[in-house]
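Hi,

Here is the structure I promised to pass on. Have a look at it first, and my notes follow below.

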Amino acid sequence: METTQLDGLSRWGSDRRPHVLLATDKQSFARRQFDAAHELAHLLLHRAVSEDELVENFKLIQDQAHRFASALLLPASQFSAEVTSASLWELERLKVRWRVSIKGNRPIVTACLTSS
């Protein structure tokens, strides 16, 4: 997929197999890993969502997929013990440590800080 508008795409095929396409413009392993986990979330959580529901609830559906991907890639007990702030520097440090994109660790960092 050569587009800057789309990170990935997933669908269940008529053969009842999942099909996932990921954009090729992401050079970061951490970002590609997050995009793959995000698409897995759509396959598992949103299989029965119609096109109309997707349009109507797009932001919520994307947020659910982001949260699922973050939770899948970041072990809660260890990760939350390392979070000290939601600053850009902290997000970059966590990205390097856990090999998860900033986009992926931001929701979990926020949740860790609000539950403390």
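Which side chain does His38 join in a polar contact of 3.0 Å? The partner is the side chain of His42. Bear in mind that this is a predicted model.

I'd start with His42, then. This histidine is found in helix α1 and is buried, at 14% relative accessible area. His38 is on the list of buried α1 residues too. The His42 side chain has another polar contact, at 2.9 Å, with the side chain of Gln62. Gln62 is one of the buried residues of α3. Setting aside neighbours within four places in sequence, His42 touches Ser10, Arg47, Ile61, Gln62 and Ala65.

On the helices themselves: α1 (residues 29–45) has 17 residues and reaches 24 Å between its first and last C-alpha, close to the 24 Å expected. Helix α3 (residues 58–73) has 16 residues and reaches 23 Å, close to the expected 22 Å. Besides Gln62, the buried set in α3 includes Ile61, Ala65 and His66.

Now the salt bridges, which come to six. Here are some to click through:

- Glu51 and Arg11 meet at 3.3 Å, N to O. This pair links distant parts of the chain, with Glu51 in helix α2 and Arg11 in strand β1, 40 residues apart. Glu51 is partly exposed at 47% relative accessibility, and Arg11 is also partly exposed at 47%.
- Arg67 pairs with Asp63, with 3.1 Å between the closest N and O atoms. Both lie in α3, four residues apart, or about one turn of the helix. Arg67 counts as partly exposed at 45%, as does Asp63 at 31%.
- Arg93 and Glu90 meet at 2.9 Å. They are about one helical turn apart because they sit three residues from each other in helix α5 (residues 88–98). Glu90 is buried, at 1% relative accessibility, whereas Arg93 is partly exposed at 29%.

There is also a salt-bridge network linking Asp7, Arg31 and Asp35. Arg31 and Asp35 are among the buried residues of α1.

Last, the surface. Leu40, Leu44, Leu45 and Leu72 make a nonpolar patch of about 360 Å². Helix α1 supplies the largest share of this patch, three residues. Leu40 lies in that helix and is partly exposed, at 34% relative accessibility. So α1 carries both buried residues such as Phe34 and Leu43 and the partly exposed Leu40.

Cheers

Notes: Residues numbered from 1 in each chain as written. Predicted model: local features only at pLDDT ≥ 70, side-chain atom pairs only at ≥ 80, totals over all residues. Heavy atoms only, no water. Patch = residues over 30% accessible without salt bridge, like charges linked within 9 Å, V, L, I, M, F, W, Y side chains within 5 Å. Areas by Shrake-Rupley, 256 points an atom, 1.4 Å probe, with all protein chains shown as cover. Salt bridge = Lys/Arg side-chain N within 4 Å of Asp/Glu carboxyl O. Helix = DSSP H or I, 4+ residues; strand = E, 2+ residues; numbered from the N terminus. Buried < 20%, exposed > 50% of the residue type's maximum accessible area, 1.4 Å probe, protein only. Expected span 1.5 Å × (residues − 1). Polar contact = N/O pair within 3.5 Å; in protein donor to acceptor, adjacent residues only side chain to side chain. Contact = heavy atoms within 4.5 Å.
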